[in-house]
Amino acid sequence: RHDYCTDLRGDCTELLPARAVLEGTLELFGQRVSELTHCGPELEWADLSAAKRMLRATELDAKKAVEMFVQALELRAKYRNLFQTLHCQTCCDIRVFMRDLEEHPVIYMCARSLITPIGTIRDQFMVTFEAACRATTSEGKVTFVIDMFGMRPHLYMDPRSIKDLANTLGTVFAERIHRVIIVDFSRAAQAAWWLLKPLLTKKTRDKFAFVGRAKAEEIFTEIF
């Protein structure tokens with residue numbers, strides 16, 4: 001039997017280590033939660049595809065993958081109603097609005113539309129990202145287009161909320177981001193990025209592109 005805490009970098013197969021991670025996750029999750037939670041619908045989400053994504057996100061470190069997977073299940077259990085209903089209060093313009101040429105669902109966000117602190121969009125962000133993931137395959141990825149024009153910088157200066165969003169990105173939605181295109185990233189927005197940046201893996205940070213409107217139009221011509 002595979003030890004799910006073994007580093008699997010040398011294993012050239014994917015199915016076997018993913019199965020080991022899944023088994024280890026279910027065992028550890030069962031130890032941490034109540035019987036009611038352990039039998040919840042989030043376990044339907046805990047499959048081999050999710051295990052593969054956790055392995056890729058941790059560069060095939062099985063121990064870290066199990067820890068990440070368990071955190072993701074705990075978050076899905078905590079916000080079970082959101083993930084089941086996909087209903088929440090709308091705080092800003094953030095929506096799935098099309099697919100790119102590679103068939104990735106595209107989430108658009110207008111920063112100008114946010115008039116309340118960044119923490120208030122948590123539920124809407126999770127619901128929108130979940131809807132986008134359901135619109136693709138079990139291992140498919142999502143493109144983000146975030147228009148920062150007219151943003152109110154003071155609304156983003158909340159380290160706790162930024163960390164909360166980063167934790168969700170890095171667990172529930174691990175390996176679900178294809179690319180993030182930030183348009184009109186002003187100096188005023190840099191403080192928010194510096195709060196978020198240390199909380200993201202290098203692999204995720206490298207998917208962010210900060211561009212002006214002219215460059216954004218070039219990119220959109222290529223990908224849409």
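This is a predicted model: local features need pLDDT of at least 70, side-chain atom pairs count only at pLDDT 80 or more; totals for chains, interfaces and linings use all residues.

Me: Why is glycine 30 called partly exposed?

Reply: Its relative accessibility is 26%. Buried requires under 20% and exposed requires over 50%, so glycine 30 counts as partly exposed. This glycine 30 belongs to helix 1, residues 15–32. Between the C-alpha atoms of glycine 30 and valine 70 the distance is 9.5 Å, with 40 residues of separation in sequence.

Me: Why is lysine 63 described as partly exposed?

Reply: The relative accessible area of lysine 63 is 47%. Because exposed means over 50% and buried means under 20%, lysine 63 is partly exposed. Lysine 63 sits in helix 5, residues 62–78. Its C-alpha atom is 9.6 Å from that of threonine 25, which is 38 residues away along the chain.

Me: What makes strand 1 and strand 5 the edge strands of the sheet?

Reply: The open sheet has five strands in the order 1-2-3-4-5, with mixed pairing. Strand 1 (93–99) and strand 5 (208–211) each pair on one side only, and they are the edge strands. Neighbouring strands of the sheet are turned by 20° against each other on average, direction ignored.

Me: How do you know that strand 3 and strand 4 pair?

Reply: Pairing requires at least two bridges. Strand 3 (residues 142–147) and strand 4 (residues 177–183) are joined by six bridges and run parallel, so they pair. Valine 145 is placed opposite isoleucine 181 of strand 4.

Note on methods: Residues are numbered from 1 along each chain as its sequence is written. Side-chain values use heavy atoms; hydrogens and water are left out. Helices (H or I, at least four residues) and strands (E, at least two) are DSSP runs, numbered from the N terminus. Buried means under 20% relative accessible area, exposed over 50%, partly exposed in between (1.4 Å probe, protein chains only). Axes are lines fitted to C-alpha atoms, for helices over the stretch in contact, and angles run from 0 to 180 degrees between N-to-C directions.
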